[in-house]
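Welcome, and thanks for taking a look at this one with us.

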Amino acid sequence: MKETLVFRIKDVDLTDPIMVEGLPGVGHVGKLVADHMVEELHAEKIIEIYSPHFPPQVMVKEDGTIKQVKNEIYARRGQNEEPDLLIIIGDYQSATNEGHYELTSIFLDIAESYKVRRIYALGGYGTGQFVDKSSVMGAATSIELVEEMKTQGVLFQENEPGGGIIGVSGLLLGLGALRGLDVICLMGVTSGYLVDPKAASEVLRVLSGILGIEVGMHALEERAKEMEKIIGKLQEMERAQSPFEAGGDEDLRYIG
């Protein structure tokens, strides 16, 4: 494979759809949200994308067979007053800088082909420490969108994230703005150490409120409870190791 391949599995008619991107990233927050939406909303796969910019590997399924790594786009027609949706999910983001730009441009081309005017890019905001209270940080392509998101409880802090927003989520903002699209990035605040369904639950709560859609939260909340138990055990281990710090020479705290 020498170039990215886009396979359109099914043509669908959508009315002013909103695009949601949730590829793997910090805490897998965006991926958890997007995968959950696809399952709970019974969205329909319409596009598969294969690229030489993905890591050179296959995924092994439960039955021992394999599947080639890919990104996918699902469609869901809104019910009643709900908006139509296009949801991007996938196994990986690009492993190269060039691939990030190429794949993001493909996503934006697809968005424009369906007359998408607004995109929500989902991800995690890593703090480097365990987070007790979940919240959602934001970035957007215009001050009007910033003010709109603030009314939905999204937090905006000057010069944050400090290192910028990398990967597809960042480029959807930058390249989307160049195309005149409204793009908002919603980032669940997370330690960044582990897969974080708690942060994902908060992002989903905010996003579903913005979109005016109902998405079952039970499965994600159950995963969050299990992860909280794991984090609690890690914190206990950290506290148990703290006497070594007082000894002076060694700091034995780590996340394995």
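This is a predicted model: local features need pLDDT of at least 70, side-chain atom pairs count only at pLDDT 80 or more; totals for chains, interfaces and linings use all residues.

A polar atom of the Asp91 side chain lies 3.0 Å from the backbone nitrogen of Lys70. The Asp91 side chain also makes a polar contact with the side chain of Lys67, again given as 3.0 Å.

Where does Asp91 sit? Its place is in the loop between strand 7 and helix 2. Is Asp91 buried or exposed? Asp91 counts as buried because its relative accessibility is 18%, and the cut-off for buried is under 20%. Leaving out residues up to four places away in sequence, Asp91 touches Pro24, Met59, Lys67, Gln68, Val69, Lys70 and Asn71.

Ser94 is placed in the loop that runs between strand 7 (85-90) and helix 2 (97-113). Its relative accessibility is 9%, so Ser94 counts as buried. The Ser94 side chain reaches the backbone oxygen of Thr96 at 2.8 Å.

Which residues does Ser94 touch, not counting those up to four places away in sequence? They are His53, Phe54, Gly99, His100 and Leu103.

## A nonpolar surface patch

Now to the surface: Val58, Val60 and Ile66 form a nonpolar patch there, and together they have about 270 Å² of accessible area. Val58 belongs to strand 4, which covers residues 58-60. At 36% relative accessibility, Val58 counts as partly exposed, because that class lies between the 20% and 50% cut-offs.

## Ser142 and Ile184

Ser142 lies in the loop between strand 9 (136-140) and helix 3 (143-150). With a relative accessibility of 22%, Ser142 counts as partly exposed. Ser142 and Ile184 are 42 residues apart along the chain, and their C-alpha atoms are separated by 9.0 Å.

## Confidence in the model

How confident is the predictor? The mean pLDDT of the protein is 90, and 92% of its residues reach 70 or more. Over residues 246-256, however, pLDDT stays under 50. For that stretch the model has 11 contacts beyond four places in sequence.

Definitions and conventions:
Residues are numbered from 1 along each chain as its sequence is written. Side-chain values use heavy atoms; hydrogens and water are left out. Helices (H or I, at least four residues) and strands (E, at least two) are DSSP runs, numbered from the N terminus. Buried means under 20% relative accessible area, exposed over 50%, partly exposed in between (1.4 Å probe, protein chains only). A polar contact is a pair of N or O atoms within 3.5 Å; within protein, one must be able to donate a hydrogen and the other to accept it, and residues adjacent in sequence count only if both atoms are side-chain atoms. Contact means heavy atoms within 4.5 Å. Patches are made of residues with over 30% relative accessible area and no salt bridge: like charges are joined within 9 Å, nonpolar side chains (Val, Leu, Ile, Met, Phe, Trp, Tyr) within 5 Å. Accessible areas come from the Shrake-Rupley method with a 1.4 Å probe; for residues, only the protein chains shown count as cover. A salt bridge is a side-chain nitrogen of Lys or Arg within 4 Å of a carboxyl oxygen of Asp or Glu. pLDDT is the predictor's confidence in each residue, from 0 to 100.
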